[in-house]
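Hi everyone, thanks for coming.

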Amino acid sequence: MTWCVLVVSGLLESVWALALGRSAGFTRLVPSLIFVAALALSMAGLGYALRTLPVGTAYAVWVGIGVTGTAVAGILFYGEGASLPRLISLLLVVAGVIGLKLFH
C-alpha cells in the first residue's frame, strides 16, 4: 500500500508542476487551485510513505516519478524536444527509480 501511495504522490508532483507552469505566476485561478490541491495531496502522500520507507529511497522515487512524468507530459502536450539523449536520460531516471524500489 505504501508504494502505491508513493507512486500516486509522484504522479501528483507532475500535476502540480504542470499546473504551476499553466498558472502564469498564479494569475490564472483554475491552474492555481489545481496546483495547491495537487501539491497538498502529493506532500501528504510522501509524508505517509515516509512512515515506513527510508527517506532517501522514498524521496528519490517520488522525485523520479515527478520528473519523468513532467518531462513526458512536456514532450507529449507542450512540444518540448524529444531528442535521443533526452529520452535516454529519462530512461536512466526510470531505471534508477526501479532500482531503488527493488533494492531498498
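Let's start with helix α4, residues 84-102. Its 19 residues, at 1.5 Å each, should span 27 Å, and the C-alpha atoms at its ends are 27 Å apart, so the two agree. The expected span is 1.5 Å times one less than the number of residues, and helices here are DSSP runs (H or I, at least four residues), numbered from the N terminus.

A quick word on the source: this is a predicted model, where local features need pLDDT of at least 70, side-chain atom pairs count only at pLDDT 80 or more, and totals for chains, interfaces and linings use all residues. Residues are numbered from 1 along each chain as its sequence is written, and side-chain values use heavy atoms, leaving out hydrogens and water.

Which residues of α4 are buried? They are L90, V97 and G99, where buried means under 20% relative accessible area, exposed over 50%, and partly exposed in between (1.4 Å probe, protein chains only). These buried residues pack against α3, 55-77. I98, also in α4, is partly exposed at 46%. I98 sits 34 residues from G64 in sequence, and their C-alpha atoms are 9.7 Å apart.

Now to α3 and its other partner. Helix α2, residues 29-49, packs with α3 at about 150 degrees, axes 10 Å apart. That makes α2 and α3 roughly antiparallel (angles over 145 degrees). Where do they meet? S42, M43 and L46 of α2 meet A58, Y59 and W62 of α3, with contact meaning heavy atoms within 4.5 Å.

Thanks, happy to take questions!

Terms used:
Helices (H or I, at least four residues) and strands (E, at least two) are DSSP runs, numbered from the N terminus. Axes are lines fitted to C-alpha atoms, for helices over the stretch in contact, and angles run from 0 to 180 degrees between N-to-C directions. Angles under 35 degrees count as roughly parallel, over 145 as roughly antiparallel, 65 to 115 as roughly perpendicular and the rest as oblique.
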